[in-house]
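Student: I want to know where the labels come from. Can we go through them one by one, with the cut-offs?

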Amino acid sequence: MKEKKLNIISHKKFENKVCEESIMLVLIAKKVIENFSDEPPEEIKKELKEFLNVFPSKLPHVLPLYMTFNML
């Protein structure tokens with residue numbers, strides 16, 4: 001069995017291939033930040049405190065129902 005090689009293409013070539021092919025398998029890699037912290041940076045803590053009352057402290061576990069209202 002012949003081993004397949006990694007094929008990295010540009011964004012534009014990818015767009016062209018998507019239009020040509022019926023099935024496309026894609027792998028997207030992203031650099032992982034190893035020293036991630038739950039604490040926000042000091043530079044934005046002041047702004048976060050300013051908007052603390054905008055969002056509720058606890059969010060529901062389900063999405064609200066979608067409702068439409070007709071405006072007359």
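Student: What makes Val-18, Met-24, Val-26 and Ile-28 a nonpolar surface patch?

Tutor: The rule has two parts. Patch residues have over 30% relative accessible area and no salt bridge; nonpolar side chains (Val, Leu, Ile, Met, Phe, Trp, Tyr) are joined within 5 Å, like charges within 9 Å. Val-18, Met-24, Val-26 and Ile-28 make such a patch, of about 370 Å². Areas like this come from the Shrake-Rupley method with a 1.4 Å probe; for residues, only the protein chains shown count as cover. This is a predicted model: local features need pLDDT of at least 70, side-chain atom pairs count only at pLDDT 80 or more, and totals for chains, interfaces and linings use all residues. Residues are numbered from 1 along each chain as its sequence is written, and side-chain values use heavy atoms, with hydrogens and water left out.

Student: Why is Val-26 called partly exposed?

Tutor: Compare the value with the cut-offs. Buried means under 20% relative accessible area, exposed over 50%, and partly exposed in between (1.4 Å probe, protein chains only). Val-26 has 48%, so the label is partly exposed. Val-26 is found in the loop between α1 and α2.

Student: And Phe-14: how do you know its label?

Tutor: Phe-14 has a relative accessible area of 29%, so it is partly exposed. Phe-14 is found in helix α1. Helices (H or I, at least four residues) and strands (E, at least two) are DSSP runs, numbered from the N terminus. The protein chain has two helices and zero strands.

Student: How much of the chain counts as buried?

Tutor: Buried residues make up 0% of the 72 residues. The chain exposes about 9100 Å², and carbon and sulfur atoms supply 62% of that.

Student: What makes Lys-12 and Glu-15 a salt bridge?

Tutor: A salt bridge is a side-chain nitrogen of Lys or Arg within 4 Å of a carboxyl oxygen of Asp or Glu. The closest N and O atoms of Lys-12 and Glu-15 are 3.9 Å apart, and the pair counts. Both residues lie in helix α1 (residues 11–20), three residues apart, about one turn of the helix. Lys-12 has 54%, so it is exposed. Glu-15 has 34%, so it is partly exposed.

Student: Why can such side chains pair at all?

Tutor: Side chains of opposite charge can pair when their charged atoms come close.

Student: How many salt bridges are there by this rule?

Tutor: Three. Glu-39 forms one with Lys-45, with the closest N and O atoms 3.0 Å apart. Glu-42 and Lys-45 meet in another, at 3.0 Å, N to O. Shared partners join Glu-39, Glu-42 and Lys-45 into one network.

Student: Which labels do these three get for exposure?

Tutor: Glu-39 is at 53%, so it counts as exposed. Glu-42 is at 58%, so it counts as exposed too. Lys-45 is at 22%, so it counts as partly exposed.

Student: What is the volume of the largest pocket?

Tutor: About 650 Å³. Of its 17 lining residues, the closest to its centre are Asn-7, Ile-8, Ile-9, Leu-25 and Val-26. On a 1 Å grid over the protein atoms alone, a pocket is an open set of points where a 1.4 Å probe fits, with protein on both sides within 12 Å along at least five of seven lines; lining residues have an atom within 4 Å of a point. The volume is the space filled by probe spheres set on the points.
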